[in-house]
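These are my notebook entries on a structure that I examined for the first time. I set down what I looked up, entry by entry.

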Amino acid sequence: MTTFHSSSTVSFDNVEYRDNAICLVSNVAQMLKNIPQAILMEEYVVVLVLKGHATIQVEGEEFQLSPGHLFICLPQVLLKHAMVSMDIEVRGFSVSRAKAEELLNDTGLKWNFILSTKKYDLVQVNQKQKEIICLYYDLLRNLLQEPSTPLTRKSLRHIFSALVYAVSEVFQQAEQEQPARAFTSAENIFQRFSTMLKDPTQPLRNVSGYAERLNITPKYFSMICKELSGQTAKALIIEETIKRAKILLRNQSLSVKQVADCLGFQNQSHFGTYFHRHMGLSPQQFRRAKGNE
């Protein structure tokens, strides 16, 4: 049976530090013993692997994690752990949306710029990059264990910002090392659409709405989607909406009404009709069926 929980409802043991906003982890093997197989992460997550190996699934895509790998994912991503070696050692941290915004407010830095087109990614770091990330991680860990004062809180904000900058630099450098090629206008439009489509904070479910945001006609928008993906714009929107709905419905801590709100539906009834039309069963029936697996 596959169990599923929201990360905010999971009790994390064997961590170096945890409060309601930040969690620091190095001993993953021990921690995972107390974590369900599937978790809907509601935080920003960054993991640097120092020793050992792991296999994880991120929204159905499998990743092999080895020493030197740096993994990052944004909130509202479904994680599943399949295998973790007992000798694994990482420098990992998760941060709530609210805390990330608070800590980075002074710098104007935004987490989403690290992953401009994806919700998660995995890259290889070099020795220097690894040392810098570990240095900031250790400083952050030590500071979090000190009594909270105005000075420590200010230091925390700056060290955390430096850590995020270090992580960002790794991903930006990896992107720059990819073979460069010129994208066509249609490819750029489709890429922008893909980014909008996967943004859970701005849900849209109609072709005309996306076309308006992209400043193109619905007909041209549909033509681009069909040409570059083999699917119509409408089909892509439905596919992503249903995928996100299924992930949220597996989270038993959310009511169906809350799921409907998260997806931008006018009300629970509208969401139920939409879900039944495309899945052949109601949200409640889907939730019961998954709970019995």
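Entry on terms and overall make-up. Two residues are in contact when heavy atoms of theirs lie within 4.5 Å. With that settled, I looked at contacts in the protein chain between residues at least 6 apart in sequence, and found that 71% of them join residues at least 24 apart. I note that the model is a predicted one. I counted eleven helices and eleven strands in the protein chain. I then looked up burial: of the 293 residues in the protein chain, 47% are buried.

Entry on cysteines. How many disulfides does a search of the whole structure find? I recorded zero.

Are they buried or exposed? For Val-49 I noted a relative accessible area of 1%, which means that Val-49 is buried. For Val-45 the relative accessible area is 9%, and Val-45 is likewise buried.

I next looked up what surrounds each valine, leaving aside residues up to four places away in sequence. Val-49 touches Leu-65, Ser-66, Pro-67, Gly-68 and His-69, and also Glu-89 and Val-90. Val-90 is 41 residues away from Val-49 along the chain, yet their C-alpha atoms are separated by 4.4 Å. Val-45 touches Phe-71, Ile-72 and Cys-73, together with Phe-93 and Ser-94. I also looked up the pair Val-45 and Cys-23: they are 22 residues apart in sequence, and 9.4 Å lies between their C-alpha atoms.

Entry on helix 5 and helix 6. I turned to helix 5 (residues 185-197) and helix 6 (residues 207-214), whose axes are 11 Å apart and pack at an angle of about 120°. That angle makes helix 5 oblique to helix 6. I recorded their crossing as right-handed. Which residues meet in this contact? From helix 5 I listed Ile-189, Arg-192, Phe-193, Met-196 and Leu-197; from helix 6, Tyr-210, Arg-213 and Leu-214. The residues of this contact comprise six nonpolar, no polar and two charged.

Entry on helix 6 and helix 7. The axes of helix 6 and helix 7 (residues 218-229) come within 9 Å and cross at roughly 95°. The two helices are therefore roughly perpendicular to each other. On the side of helix 6, I found Val-207, Ser-208, Tyr-210, Ala-211 and Leu-214 meeting Pro-218, Phe-221 and Ser-222 in helix 7. I noted that this contact has six nonpolar residues, two polar and no charged.

Entry on the burial of helix 6. Which residues of helix 6 are buried? My list reads Val-207, Gly-209, Tyr-210, Ala-211 and Leu-214. What covers these buried residues includes helix 5, helix 7 and helix 8 (233-249). Last, I looked just after helix 6, where Asn-215 takes a positive phi of about 60°.

Technical notes:
Residues are numbered from 1 along each chain as its sequence is written. This is a predicted model: local features need pLDDT of at least 70, side-chain atom pairs count only at pLDDT 80 or more; totals for chains, interfaces and linings use all residues. Side-chain values use heavy atoms; hydrogens and water are left out. A disulfide is a pair of cysteine sulfur atoms within 2.5 Å. Axes are lines fitted to C-alpha atoms, for helices over the stretch in contact, and angles run from 0 to 180 degrees between N-to-C directions. Helices (H or I, at least four residues) and strands (E, at least two) are DSSP runs, numbered from the N terminus. Angles under 35 degrees count as roughly parallel, over 145 as roughly antiparallel, 65 to 115 as roughly perpendicular and the rest as oblique. A crossing is left-handed if the near helix is turned anticlockwise from the far one by less than a right angle, and right-handed if clockwise. Ala, Val, Leu, Ile, Met, Phe, Trp, Tyr, Cys and Pro count as nonpolar, Asp, Glu, Lys and Arg as charged, and the others, Gly among them, as polar. Buried means under 20% relative accessible area, exposed over 50%, partly exposed in between (1.4 Å probe, protein chains only).
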